[in-house]
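Here is a short briefing on one protein chain.

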Amino acid sequence: MKQTLLRLLVTLFLSPLLVACKIGYSFTGTSINYNVTKTIQLDKIVNRASYVWAPMETMLNNSIKDRFANQTQLRQVKRDGDIQISGEIMSYDQFNKSISSDGYSSQVQLRMVVNIRYKNRKTNETWEKPFSATTQYSSTVSLASVQERLVTEMINDIVDQIFNASVANW
């Protein structure tokens, strides 16, 4: 009888506490206040690099749009977004990374630099930053045979950097 009464008292005492508590987690890693910031305007990132690989611009733009669509609750709009992101691909270069004992290149480094302008109209935060990524490939293979895979890797890295700088505050 005492145990039943004790259980009833504990249940009655703890129930209001458990109902009143709310625990929330965000697994997307964003620091967006969705009560204030509701939309994002992702302007087309244009390719201004002297060396141009045609699919790169579309790959980058699609990757940025997908990341914000999948990892935020922001509605993408064409203009007047609460957050505005624009920019351009500034460079896409390859150069010799290492030289073999016979004097020829053994590794080639590929580098991509994207300049991004960010504006949050709700918090009045603005910045402009370059984001870059590099990768290497063996000089024994042609760039054309590895270019799509390497550009995809660099784009994923750059999109991570842009996302973290703009809405994750890492």
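Buried means under 20% relative accessible area, exposed means over 50%, and partly exposed lies in between (1.4 Å probe, protein chains only). Lys122, with a relative accessible area of 44%, is therefore partly exposed. This is a predicted model: local features need pLDDT of at least 70, side-chain atom pairs count only at pLDDT 80 or more, and totals for chains, interfaces and linings use all residues. Residues are numbered from 1 along each chain as its sequence is written, and side-chain values use heavy atoms, with hydrogens and water left out.

**Overall fold**

- The protein chain has three helices and six strands. Both are DSSP runs numbered from the N terminus: helices are H or I with at least four residues, strands are E with at least two.
- Along the sequence the pattern reads α-β-β-α-β-β-β-β-α.
- The chain has 170 residues, and buried residues make up 37% of them.
- Of the contacts with a separation of 6 or more, 69% come from residues 24 or more positions apart. Contact here means heavy atoms within 4.5 Å.

**Strand S1 and its partners**

- S1 is covered on both faces. Thr39 and Gln41 are buried on one side, Ile40 and Leu42 on the other.
- S1 pairs with S3 in the parallel sense, over three bridges. Two strands pair if DSSP finds at least two bridges between them.
- In this pairing, Ile40 stands opposite Gln76 in S3.
- S1 also pairs with S4, again in the parallel sense and over three bridges. Here Leu42 stands opposite Ile85 in S4.

**Salt bridges**

- Side chains of opposite charge can pair when their charged atoms come close.
- The structure holds seven salt bridges. Each is a side-chain nitrogen of Lys or Arg within 4 Å of a carboxyl oxygen of Asp or Glu.
- Glu57 bridges to Lys44, with the closest N and O atoms 3.0 Å apart. The pair links distant parts of the chain, 13 residues apart: Glu57 is in helix H2 (residues 55–71), and Lys44 is in the loop between strand S1 (39–42) and strand S2 (46–47).
- Glu57 is buried, because its relative accessible area is 17%. Lys44 counts as exposed, because its relative accessibility is 55%.
- Asp82 bridges to Lys122, with the closest N and O atoms 3.9 Å apart. This pair spans 40 residues: Asp82 is in the loop between strand S3 (75–77) and strand S4 (83–99), Lys122 in the loop between S5 and strand S6 (125–138).
- At 8% relative accessibility, Asp82 counts as buried.
- Glu88 bridges to Arg117, with the closest N and O atoms 2.9 Å apart. Glu88 is in strand S4 and Arg117 in strand S5, 29 residues apart.
- Glu88 is buried at a relative accessible area of 10%. Arg117 counts as partly exposed at 30%.
- A network of salt bridges links Glu88, Arg117 and Glu128.

**Asn115 and its surroundings**

- Asn115 lies in strand S5 (residues 105–120). Its relative accessible area is 11%, so Asn115 is buried.
- The side chains of Asn115 and Glu128 are joined by a polar contact of 2.7 Å. A polar contact is a pair of N or O atoms within 3.5 Å; within protein, one must be able to donate a hydrogen and the other to accept it, and residues adjacent in sequence count only if both atoms are side-chain atoms.
- Leaving aside residues up to four places away in sequence, Asn115 touches Ser86, Gly87, Glu88, Met90, Glu128, Lys129 and Pro130.

**Pocket and cavity**

- The search uses a 1 Å grid over the protein atoms alone. A cavity is a set of points where a 1.4 Å probe fits but cannot get out; a pocket is an open set with protein on both sides within 12 Å along at least five of seven lines. Lining residues have an atom within 4 Å of a point.
- Grid points are joined across faces, edges and corners, and a volume is the space filled by probe spheres set on the points.
- The largest pocket holds about 150 Å³ of space. It has 13 lining residues, and the closest to its centre are Ser31, Ile32, Tyr118, Asn120 and Thr123.
- S5 and helix H3 (143–168) each supply at least two residues of that lining.
- There is one cavity of 30 Å³ or more. The largest cavity holds about 30 Å³.
- The largest cavity is lined by Leu42, Asp43, Ile45, Asn61, Ile64, Lys65 and Ile85. H2 gives the largest share of this lining, three residues.
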